[in-house]
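Take a look at the structure shown here before reading on. The paragraphs after it go from the chain as a whole to its parts.

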Amino acid sequence: MVAEHQGRQELPPLDTLADRLEYLFETIRPAPEELGRPEEAGRKYTNKEIADKINGHQEETGVSISAAYIGELRRGVAWDPRTSHVRALARAFGIHSGYFVDDGAAHRVQEQLRLLGELRRMGVKQVALRQVLADTGLSSADSRLVEQMVARLQALDGGHRNGH
């Protein structure tokens with residue numbers, strides 16, 4: 001469950017390898033070109049898909065992994081993977097491998113994924129506006145007020161264009 005805090009989502013704690021891996025499965029979705037059918041867009045990766053991504057690079061990395069082992073890591077049954085497995089998991093999800101072992105790196109990856117999610121939900125223009133407002137030094141309350149005014153103006157403009 002994600003809570004709102006001062007206009008931003010509070011990130012869940014990632015205390016264990018299992019927590020960190022599960023967060024990736026909950027947050028990162030397959031790219032459209034990875035999916036066989038358009039109706040599958042937005043679904044989560046399966047353990048098998050991540051294992052297949054890792055095993056697809058076995059010739060260059062020398063790393064193979066099973067879907068069952070990934071499941072054990074997600075559940076915390078297995079908790080001390082080889083470094084090569086950590087690197088391969090990070091590569092499969094497109095993140096820095098430090099995410100799994102360094103709290104600072106984990107937090108940075110969480111922030112980047114949060115921002116990506118925000119970009120998808122609200123559209124790039126609103127996120128860009130938020131960044132510009134943050135860079136001006138306005139308080140978060142003032143920034144929210146400006147965002148609300150812009151959203152209201154956009155809604156009014158859209159209504160006029162549609163003949164309302």
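This is a predicted model: local features need pLDDT of at least 70, side-chain atom pairs count only at pLDDT 80 or more; totals for chains, interfaces and linings use all residues.

The chain has eight helices and two strands. Of the 164 residues in the chain, 29% count as buried. Contacts between residues at least 6 apart in sequence can also be sorted by separation: 44% of them join residues at least 24 apart.

Just after H5 comes glycine 94, whose phi is positive, at about 75°.

The next point is how H5 meets H2. The two helices pack at an angle of about 105°, and their axes are 9 Å apart. H2 and H5 are therefore roughly perpendicular to each other. H2 brings Ile50, Lys53 and Ile54 to the contact, while H5 brings Ala88, Leu89, Ala92 and Phe93. Sorted by class, the residues of this contact are six nonpolar, no polar and one charged.

H1 and H4 pack at an angle of about 115°, with 6 Å between their axes. At that angle, H1 is roughly perpendicular to H4. On the H1 side the contact is formed by Leu17, Ala18, Leu21, Glu22 and Phe25, and on the H4 side by Ile70, Leu73, Arg74 and Arg75. By class, the contact of H1 with H4 has six nonpolar, no polar and three charged residues.

In soluble globular proteins, nonpolar side chains tend to be buried together. Here the largest nonpolar core holds 29 residues, and those touching the most other members are Ile50, Phe93, Ile95, Tyr99 and Phe100. At least two residues of this core come from each of H1, H2, H4, H5 and H6. H5 gives the most, with six residues. Phenylalanine 93 shows what such a position looks like: not counting residues up to four places away in sequence, Phe93 touches Leu21, Leu24, Phe25, Ile28, Tyr45 and Ile50.

Histidine 85 lies in helix H5. Is histidine 85 buried or exposed? Its relative accessible area is 8%, and the cut-off for buried is under 20%, so histidine 85 counts as buried. Leaving aside neighbours within four places in sequence, histidine 85 is in contact with Val63, Ser64, Ile65 and Tyr69.

The other residue is glutamine 110, found in helix H6 (residues 103-122). Glutamine 110 is buried as well, with a relative accessible area of 5%. What does glutamine 110 contact, leaving aside its neighbours within four places in sequence? Its contacts are Leu11, Pro12, Leu14 and Tyr23. With proline 12 there is a polar approach: a polar atom of the glutamine 110 side chain lies 2.9 Å from the backbone oxygen of proline 12.

Terms used. Residues are numbered from 1 along each chain as its sequence is written. Side-chain values use heavy atoms; hydrogens and water are left out. Helices (H or I, at least four residues) and strands (E, at least two) are DSSP runs, numbered from the N terminus. Axes are lines fitted to C-alpha atoms, for helices over the stretch in contact, and angles run from 0 to 180 degrees between N-to-C directions. Angles under 35 degrees count as roughly parallel, over 145 as roughly antiparallel, 65 to 115 as roughly perpendicular and the rest as oblique. Contact means heavy atoms within 4.5 Å. Ala, Val, Leu, Ile, Met, Phe, Trp, Tyr, Cys and Pro count as nonpolar, Asp, Glu, Lys and Arg as charged, and the others, Gly among them, as polar. Buried means under 20% relative accessible area, exposed over 50%, partly exposed in between (1.4 Å probe, protein chains only). A polar contact is a pair of N or O atoms within 3.5 Å; within protein, one must be able to donate a hydrogen and the other to accept it, and residues adjacent in sequence count only if both atoms are side-chain atoms. A nonpolar core is a set of buried Ala, Val, Leu, Ile, Met, Phe, Trp, Tyr and Cys residues joined through side-chain atoms within 4.5 Å.
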